Amino acid sequence: MAVSMAAPPLLTLPFLFLLFATVACRGAYGASGGYGLGVNYGRVADDIPSPRRSVELLRAAGAGSVKIYDANPGVLRALAGTRWPVSIMVPNEIIPDLAASVAAADRWVAKNLVPYYPATRVKFLLVGNEILSDHSIANSTWPRLVPAMENIHRSLRKRGISSVKIGTTLAMDALADGAFPRPPSAATFRADIAEAVVRPLLHFLNGTNSYYFVDAYPYFVWADNNLTVSLDYALFQGGRLRYVDPGTRLTYTNLLDEMLDAVVIAMAKLGYGHVKLAIAETGWPNGCDYDQIGGNVHNAAIYNRNLAARMVKNPGTPVRPGAKMPVFVFSLYNEDLKPGPGTERHWGLYYANGTAVYEIDLTGRRPLWSYPPLPAPENNTPYKGPIWCLLSAAASNKLNETAVGNALTYACGQGNGTCDAIQPGKNCYMPNTTVAHASYAFNSYWQQFRKIGATCYFNNLAEQTIKDPSHGSCKFPSSLESP
């Protein structure tokens, strides 16, 4: 692959020696307890299977470990006796309280871990989820992350629990250049967190022999750079495609390795190049909105199948060849209640009804050639036609007048003249129904604000369409007409 930026100065030989010497021989806890990739078991969805049925689906997919985003009693009881390593999570909002009080941290452990352990094999206790991505809690929570982890660690030690490792999950935006710091050798942590938060965090992880948990998504890097980054390179099937880091002279054959090594090198620049790495989340969306790219069943299956086949061999990365690491795929289900763009609701191995989105063997042992044919991808290039945002068919068929009315009121209260056309006597007033007016309002709002981050979601009431909903003299503005 061509380098589109000037080469940075070569890393010094002493730095490289230190980096490789401290990581090359460090084995880590296996990617899946030796059985298969881990799975993130999120539950932000309507009518998903019960925890016990979810355990069956995890087993059918060949999962080797499970990560949840809380410490839900029903889920933890269902996981008892499975022998899967389980990761539980402390919610972001209580981190300051746990940091302020050893007693509060001990109460949390007593309530959320002790009743289920060791029947449920809790392996990791993660304090917060991507808190360094939320700048609104920079003052209230960031400085309290490590103190909260330390207080929980004290509680575990007091109880003689030494097998549970404490960590936190961080997105790639903890790096100064975000998810794609090319070359990896140039990666550093953001100036606002490097010394204040990350160095103390790494010191804690090093002292407790724990892991730096990173959420690493090649999908987003490729989607934002699809004219310069090959899709095959992002899907682990780049063939002869290579990227050579001019700083380390290391050769990369896939995008995920670049991202992981960027984190490792950034840690090394703070003096902690030997802290172990874990992938808290990775995966590929099986669906997306029309104004997104590459989210489809074909790509999702290829990414996760290749990931499983790769990780079962413990290849490590160019900086850490042969290193093992925990790896968790996102996610078990398509989660229809997650806000944001369409990709947010389409990462699952299963649909909410328990049907597999595609066949997958997370152990990585099934030969790739043995899978049945996949549907052809239809959105690997950007859609260039007009798009509209309407009340979804599901919301129309099962109309909740209160929810739709509240969303309509919100949309009409934003922007400039958003709902003028549906006022009495105006072109889009008829038909005078909640469904018709909501569709116009949703579309008008989205067209005005989509370029500054608005999404066609409206609490799971809206969806994009490429079929023009205009009728008679009522004209719905499209994405090609909006500024």
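This report describes the salt bridges and disulfides of a predicted model.

## Salt bridges

The structure holds 10 salt bridges, among them the pair of Asp106 and Arg159, whose closest N and O atoms are 3.1 Å apart. Because Asp106 belongs to helix α5 (residues 102-112) while Arg159 sits in the loop between α6 (145-158) and β5 (165-171), this contact ties together parts that are 53 residues apart in sequence. Asp106 is buried, with a relative accessible area of 14%, whereas Arg159, at 33%, is partly exposed.

Another salt bridge joins the side chains of Asp257 and Arg310, with an N to O distance of 2.6 Å. Distant parts of the chain are again linked, for Asp257 lies in helix α10 (residues 255-269) and Arg310 in helix α11 (residues 297-311), 53 residues apart.

## Disulfides

The count of disulfides is three, and with the bonded cysteines counted along the chain they follow the pattern 1-5, 2-3, 4-6. Cys389 and Cys456 form one of them, with sulfur atoms 2.1 Å apart, and this link is right-handed, with 90 degrees about the S-S bond. Since Cys389 lies in strand β11 (residues 388-391) and Cys456 in the loop between α14 (434-449) and β12 (462-465), the pair ties together parts that are 67 residues apart in sequence. Both ends are buried, Cys389 at a relative accessible area of 0% and Cys456 at 2%.

The disulfide of Cys412 and Cys419 has its sulfur atoms 2.0 Å apart, and it is left-handed because the torsion about the S-S bond is about -85 degrees. Cys412 is partly exposed at 28%, while Cys419 is buried at 4%. Cys428 is joined to Cys474 with an S to S distance of 1.9 Å, in a right-handed link with 105 degrees about the S-S bond. Cys428 is buried at 5%, as is Cys474 at 2%.

Technical notes. Residues numbered from 1 in each chain as written. Predicted model: local features only at pLDDT ≥ 70, side-chain atom pairs only at ≥ 80, totals over all residues. Heavy atoms only, no water. Salt bridge = Lys/Arg side-chain N within 4 Å of Asp/Glu carboxyl O. Helix = DSSP H or I, 4+ residues; strand = E, 2+ residues; numbered from the N terminus. Buried < 20%, exposed > 50% of the residue type's maximum accessible area, 1.4 Å probe, protein only. Disulfide = S-S within 2.5 Å.
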